[in-house]
Amino acid sequence: MTIGRKFVVDDAELILANEWFSAVAAMSPDKEGISRPAYSSKETEVLEFLAEQARNAGLSVSYDAAQNAVFSLPEDADAEKYILVGSHVDTVPMGGNFDGLAGVLAGLLCLFRAKASNTHFPRPVKVIAMRGEESAWFGPCYIASKALMGVLSDAELESPHKGDGRPLAEHMADVGIEMAPILASTPLLNKDDLLEYIELHIEQGPLLIGKDMPAAVVSAIRGNFRHKTVRCIGEAGHSGAVPRAFRKDPVLAMADLLSRLDESWLTILQKGDDLVLTSGIVSTDPAKHAMSRIPDEIGFSLDVRSQSQDVLDAMTDLISGEMADIALERQVEFRLDDVIATAPALMDDGVVNNLEAAMARIGLEPTTMASGGGHDAAVFANAGVPTAMIFVRNQNGSHNPNEAMETEDFLAGASIIYDHLVGASQ
Ligand SMILES: [Zn+2]
């Protein structure tokens, strides 16, 4: 089968990749879609499955200090400096099978291909299957890569699990991680040992589908800041009895805030800057709310992302300014919880160029695009590791059961990385 311009899919690899994806999906079904919680036994089970596959193929397997699985050709197992290829194996609750897993399997496939053809990488290569990346379980994102780089904060380590309320640090200890160095912010990996970090990921937007292209190289990753719960506090009252002038309605105050932010968003886009803004959780207290009651409080989330740190900083100021105005006008109070932030990440020009050259060599049209979602790659890039990503075409976005990546497109993406790893480009 041929996709792109002339990239040819290897049938044996197609079968192998499909078997891997199906086997891992079968380990982690939920009522709907797939659930692989961060720092859970389910995650451990997936790592063990991958380790068994790798060992059977004659690859080296080890676990790093954060209990991520690391694979390599035997000759590269002790390499001091190496290219790291990988992604995460956890998913959001009732998510899809491909977000994260595709990047791990792409790396593994490169090792399988090299081993089977007795190919040696000019620069050593290690593949990492990381644990917790998704913020859905504890709040913080990129947990494994932050732990590796020594930048997991105390507040993040104390953040409670959405199910059992126990802190992240306890869940990490439960899967066998020695927590002392992580608590002391000691990097578990020396970033200078990483020649490059490369991550394949499904695209979470519709761009590649629109362009009818199987894959692209990512040139930048949006940074973000988030508030899990912003509380707007007003005053309860009877919906029929309290005149407008006497109301302290937190719902209307929140509506004001969001529509003002939406207007500013449009202005920022018109200036040519990058921004996305979402309130994915909005709720009055179901124990108290009623159709005929002016609520005393509403809670909502804020998720703000941009490729530009200046835009993110401007948004932080804008949000607090608008909140102060609205609080005065509507006699309410906004209370923000602690901010969770990740800086925007620029990909390394050299690695991006080399991956584009690899695309051309395997018969794909070289293309670059920006990443809307954040990834472990952002953590490595912001630590100073030369980093790049490959996006693979995917229907229906991610973080939902309907993620739909064609395995042929996955093989095209993995082959870009493989060609780069074995290629002349340094
Ligand atoms: Zn992901």
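Trainee: Which domains does the assignment give for this protein?

Mentor: The assignment gives domain 1, covering 2–222 + 344–422, and domain 2, covering 224–342. Keep in mind that the model is predicted. The C-alpha centres of domain 1 and domain 2 are 35 Å apart.

Trainee: How many residues of domain 1 and domain 2 are in contact?

Mentor: Eleven residues of domain 1 contact twelve residues of domain 2. On the domain 1 side, the touching residues are seven nonpolar, three polar and one charged.

Trainee: How should I read a strand, and which way do the residues of strand β4 point?

Mentor: In a regular strand, side chains alternate between the two faces of the sheet. In strand β4 (residues 69–72), Ala69 and Phe71 point one way, while Val70 and Ser72 point the other way. All of these are buried.

Trainee: Which strand pairs with β4 over four bridges, and in what sense?

Mentor: Strand β3 (residues 60–63) pairs with β4 in the antiparallel sense, over four bridges. In that pairing, serine 60 is opposite serine 72. The hairpin of β3 and β4 has five residues between the strands, and glutamine 67 there has a positive phi near 60°. Strand β6 (residues 125–130) also pairs with β4 in the antiparallel sense, again over four bridges.

Trainee: Which residues touch the most other members of the largest nonpolar core?

Mentor: That core has 99 residues, and those touching the most other members are Ala102, Leu108, Cys110, Ile390 and Ile417. Helix α3 (residues 101–116) supplies the largest share of this core, eleven residues. Leaving out residues up to four places away in sequence, leucine 108 touches Leu50, Ala54, Phe71 and Val127. Another core, of 17 residues, lies apart from it and includes Ala253, Ile298, Phe300 and Val304.

Trainee: How do I read a helix, and what span should helix α11 have?

Mentor: An α-helix has 3.6 residues a turn, so residues three or four places apart point the same way. Helix α11 (residues 349–361) has 13 residues, so at 1.5 Å a residue it should span 18 Å. Its end C-alpha atoms are 18 Å apart, which agrees.

Trainee: Which residues of α11 are buried?

Mentor: They are Val351, Val352, Asn354, Leu355, Glu356, Ala358 and Met359. The elements covering the buried residues of α11 include β7 (194–202), β8 (215–221), β18 (368–371), β19 (387–392) and α13 (407–422).

Trainee: What is the phi of glycine 363, which follows α11?

Mentor: The phi of glycine 363 is positive, near 95°.

Definitions and conventions:
Residues numbered from 1 in each chain as written. Predicted model: local features only at pLDDT ≥ 70, side-chain atom pairs only at ≥ 80, totals over all residues. Domains from an automatic or database assignment. Contact = placed C-beta atoms within 7 Å. Nonpolar A, V, L, I, M, F, W, Y, C, P; charged D, E, K, R; others polar. Buried ≥ 20, exposed ≤ 12 C-beta atoms within 10 Å, placed from the backbone. Helix = DSSP H or I, 4+ residues; strand = E, 2+ residues; numbered from the N terminus. Pairing = 2+ DSSP bridges. Core = buried A, V, L, I, M, F, W, Y, C linked by C-beta atoms within 7 Å. Expected span 1.5 Å × (residues − 1).
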